[in-house]
Each structure stands twice: as C-alpha cells, then as structure tokens.
Amino acid sequence: MDWAGGWFAAENYDAARFVLQRGIALVYVIAFVAALRQFRPLLGEHGLLPVPQFVARVPARLAPSLFHWRYSDRLLVAVAAVGALVAAALVLGLPQAGPPWVPLLAFLLVWALYLSVVNVGQVFYSFGWESLLLEAGFLAAFLGSDRVAPPLTVIVLFRWLVFRLEFGAGMIKMRGDPCWRDLTCLYYHHETQPMPNPGSWFFHHLPRPLHKVEVAANHVTQLVVPFLLFAPQPVATAAAAVVVVTQGWLMLSGNFAWLNFLTMLLAFSAVGDGALDRLLPWSVGTQAHEPTPAWFAVVVLAVTALMVVLSYWPARNLVDRHQRMNASFNRWHLAGAYGAFGSITRRRDEVVVEGTEDDDPFTPDWHEYEFKGKPGRPGRLPRQWAPYHLRLDWGMWFLALGSPSQHRWFTVFLLRLLEADRPTLGLLRHDPFAGRRPRYVRARVFRYRFSTWEELRRTRQWWQRQERALLVAPQNLQNMHQLF
C-alpha cells in the first residue's frame with residue numbers, strides 16, 4: 001500500500017525532520033559525553049552515590065536499566081561510548097540514508113542506553129530535561145528515513161510535546177509564585193537562577209519596566225502561542241519562530257543544560273518547507289519519496305496510539321490545580337509533564353567548600369575549592385556551559401537551598417576531597433592543593449548578590465558576598481571515616 005500519497009505522509013516537513021533527527025542526536029552526543037566525563041565520580045563504583053547500592057534496593061521494574069543486570073565502570077564507559085558513536089552517526093545522517101528501519105533502530109538504541117543511565121542516576125539525573133530528551137529520542141525513531149515522507153502523526157506528537165513543555169511551564173508559573181502574576185519575577189531570577197552565564201549580570205541590570213515586559217511576553221509565548229503550533233501554515237511556522245526566539249533569549253541569560261536548545265529543535269516540528277522557502281534566500285523544496293512500507297506505517301500508528309493513551313496523565317495534569325512539575329508518569333520517561341521555575345528565590349546562598357593543610361582546624365589559612373559553573377570567587381565572571389550539563393554544580397545549588405536529598409552525597413564529597421580522590425577533583429575547576437591531601441575541609445554558606453555598576457567599576461568584582469553560616473565544621477579524614 002502506498003501510504004506516502006495519503007493522509008499518513010507529511011510531505012511538506014522534510015526540513016523539520018532533518019532538524020529534529022540531527023539536532024536531537026546532537027543533544028544525545030552531548031549527554032553521553034557528559035556521562036563519560038562525570039558519571040563515574042558521581043555515581044560509579046566509588047562515586048558519591050554508587051549505582052551498585054542503588055540497584056540493590058530499587059527493583060528493575062521501577063527503574064528499568066541495563067545496569068540492573070550488572071554495573072561496572074567499564075560497562076558504563078561502553079554504554080556511553082556506544083551511545084555517543086551511534087548518536088554521532090545520526091548527526092551525520094548515515095542511518096537516515098537507508099531504509100526506515102535503520103534510523104528507527106539507531107534512535108531506539110540511544111534511547112534505551114540513555115534510559116539505562118537516567119534510571120540509575122538518582123539526584124544527579126533528576127532533571128526534567130532528561131525525560132524531555134528521552135521522549136524526544138523515542139519519537140525521533142519513528143520519523144523514518146530520507147527515503148520516505150515523514151509520518152504526519154509523529155510530527156503532531158512532536159508538537160504535542162512542545163505544547164506540554166511550553167503550556168505546562170506557563171501554567172505552573174500562573175499557579176505558583178505570585179511574582180509571575182505581578183510580572184516582577186525577573187527582578188530576582190537572573191541573580192538567583194541555578195547557574196548564571198556571562199550575560200546574566202547584564203540581564204539582571206536591565207531596567208525593571210523591561211523586566212515586566214519580558215515576563216508578560218513569556219506568558220504570551222507559553223500560554224497562547226502553543227495553541228498556534230497546531231494551526232495551518234504559515235501560522236504554525238510563525239508560532240514555532242516565537243518559541244525559537246524566546247528560547248534563544250533564555251540561552252543568552254542563563255545555563256539550563258540542553259533545555260532551551262532542545263526546545264528550539266522540537267519547535268521545528270511546526271515549520272513547513274513552504275514557509276521556509278518564503279523566508280530563506282534558497283529553496284528548500286519538497287523531496288521525492290518512495291512509497292511508505294506498510295510495516296512502517298503499522299508500527300508508527302501503533303506507537304501513535306500508545307502515546308495517545310499515555311498522554312492522558314500529562315493532559316490531566318495540565319488542568320489540575322495541583323499541577324506537578326517535571327513529572328514522569330511511567331518508568332520509560334514517555335509522555336511526561338514539564339515546567340520550570342514555578343517559584344523564584346529572592347536571595348542567593350552558595351555553599352563554599354574550603355580546605356587547609358594546617359594541623360590546627362582553627363587556622364585562618366583556608367583555601368577555596370573552585371567549581372566550574374557555580375559562583376565562587378567574586379571577581380570571576382560566570383561562564384557559558386549550556387548545552388553541556390555540570391551535574392555537581394547543579395547539586396551544589398540545591399544543597400544551598402537546603403534540599404535534604406543533597407546532603408548524603410555531599411558528605412561523601414567532602415570525604416573524597418580529604419582523600420584527594422583524582423576523579424572527584426576532576427569535576428572541579430581548581431584544586432588549591434594541586435592533588436595533595438588537605439588536613440581539614442569545611443563548608444560555609446555565603447549570601448551572594450550581583451554587584452552594581454558602581455561596585456563593578458570600583459572593585460572589578462561581579463559578585464558581592466557575605467558569610468551567613470557554617471554548614472560543616474572542620475572535619476579531618478578520621479572524623480569523616482567514623483560517619484561511614
């Protein structure tokens with residue numbers, strides 16, 4: 001049967017498929033590279049939250065993962081390396097050049113491998129954009145290859161994903177912190193967000209009336225524009241453009257791993273080839289396609305039916321007055337609920353970790369460990385890391401908020417610093433002891449705020465900070481070992 005000439009085929013969405021498949025695959029490459037660089041010191045056999053202990057107490061039916069069969073750091077490296085290589089091949093379009101089953105299997109493989117990582121990642125992988133990437137990768141498997149037309153139902157499922165992501169984020173704001181309703185949240189957000197970037201200081205100092213305009217525009221983008229993604233062309237493409245521009249603005253003002261980048265990619269599901277022809281100086285055109293194989297159509301329709309059924313829970317969540325944010329309703333991370341920043345912190349606290357080589361714990365000679373992404377020394381301008389994800393630095397932000405789930409790994413982290421554990425030190429920007437063991441470590445809490453224009457000119461410091469409390473008193477190796 002020739003499905004390509006009927007309702008099943010989205011003949012006008014070759015460019016959308018190109019961006020979706022290659023862009024999502026690129027994010028998987030970034031995610032697997034991050035796992036290769038960070039997973040072992042965080043979650044490996046000798047990590048801060050070892051996977052073997054996790055799989056011993058959490059059954060596979062609750063968190064499906066290859067690592068329930070067995071875990072080793074070598075196996076983790078193999079999983080992440082294979083995932084990165086297959087994803088890189090998808091970025092280059094190699095599987096897409098073959099019949100539809102080739103990219104289907106390739107995307108399902110990277111989805112399954114990354115699912116194995118996420119489901120044992122505990123607090124270090126408990127972010128909404130992990131589920132977003134998994135759901136996007138699963139859907140990308142059913143977009144077909146370049147030989148056949150993109151299936152219309154999958155294009156619609158991608159738009160439904162963007163709708164849940166954007167509209168869910170908008171509703172969680174309207175139901176949450178009152179500063180979203182009085183348009184004042186951006187008075188604080190750029191300064192208190194988890195990981196500021198080089199632009200955050202400048203965004204924070206924009207005029208307050210402009211901050212209100214930004215919040216109002218965000219509400220329109222998240223509460224109105226998502227409905228237009230399902231409108232006829234060229235309205236759907238225009239709606240996608242609004243989403244892309246808004247997410248680009250957010251990328252300029254903060255580090256949110258791959259959330260903004262991936263959202264921009266997903267919005268391309270609403271971009272038609274004809275609309276691009278009118279916007280670009282060259283023609284995108286519509287490719288000639290082979291007839292869609294009947295088996296592929298059957299598989300796609302079955303998956304579409306599955307996603308429709310699974311969508312009941314996130315759809316109900318969108319209209320629930322007790323809406324959940326970044327929630328997964330199944331162990332496969334499909335058809336989840338998304339959203340961010342339902343509440344905004346007004347003040348920024350940071351945990352500063354220090355060590356000393358002095359035998360006296362009351363010595364004034366303490367030296368600060370520097371993290372790669374989170375604020376540290378006041379004179380250091382925040383760096384740009386997104387779409388790469390610094391998981392330890394994000395954990396430190398939650399720790400400063402008083403999240404109890406962070407304290408267990410942080411105790412182990414202090415022990416690893418006392419041991420001068422090289423993999424753990426590799427997660428940091430600077431070890432003040434150059435690989436030597438300190439005699440004591442401690443953790444202090446500081447209140448941070450962005451400097452004013454006048455303070456920046458006078459002190460050359462982007463931050464002003466003041467000590468608030470002692471979180472962990474000086475501990476040596478003997479004291480720490482007694483805790484375990």
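Strand 1 and strand 5 (residues 440-450) pair in the antiparallel sense over nine bridges. Strands here are DSSP runs of E with at least two residues, helices are runs of H or I with at least four, and both are numbered from the N terminus. Two strands pair if DSSP finds at least two bridges between them. This is a predicted model: local features need pLDDT of at least 70, side-chain atom pairs count only at pLDDT 80 or more, and totals for chains, interfaces and linings use all residues. Residues are numbered from 1 along each chain as its sequence is written, and side-chain values use heavy atoms, with hydrogens and water left out.

Stay with strand 1, residues 348-356. V353 has A443 of strand 5 as its bridge partner. Strand 2 (residues 367-368) also runs antiparallel to strand 1, joined by two bridges. There, G355 is partnered by H367. Nine of the nine residues of strand 1 are buried (under 20% relative accessible area; exposed is over 50%, partly exposed in between; 1.4 Å probe, protein chains only). One side carries R348, E350, V352, E354 and T356, and the other D349, V351, V353 and G355.

Now the interior. A nonpolar core is a set of buried Ala, Val, Leu, Ile, Met, Phe, Trp, Tyr and Cys residues joined through side-chain atoms within 4.5 Å. The largest has 125 residues, and I24, Y114, F410 and F413 have the most contacts inside it. Helix 1 (residues 14-43) gives the most to this core, with 16 residues. A second, separate core has eight residues, including V352, F446, F450 and L456.

Next, the rings. Rings of Phe, Tyr and Trp (its six-membered ring) pair if their centres lie within 6.5 Å; planes under 30 degrees apart count as stacked, over 60 as edge-to-face and the rest as tilted. The whole structure holds 40 aromatic pairs. Y114 and Y125 make one that is edge-to-face, at 6.4 Å centre to centre and 65 degrees between the planes. Y114 lies in helix 4 (residues 101-118) and Y125 in the loop between helix 4 and helix 5 (128-140), so the pair ties together parts eleven residues apart in sequence. Y114 is buried, at 0% relative accessible area. Y125 is buried too, at 4%.

The charged end of R391 sits over its ring, 3.6 Å from the centre (NZ of Lys or CZ of Arg within 6 Å of the ring centre and within 35 degrees of the ring normal).
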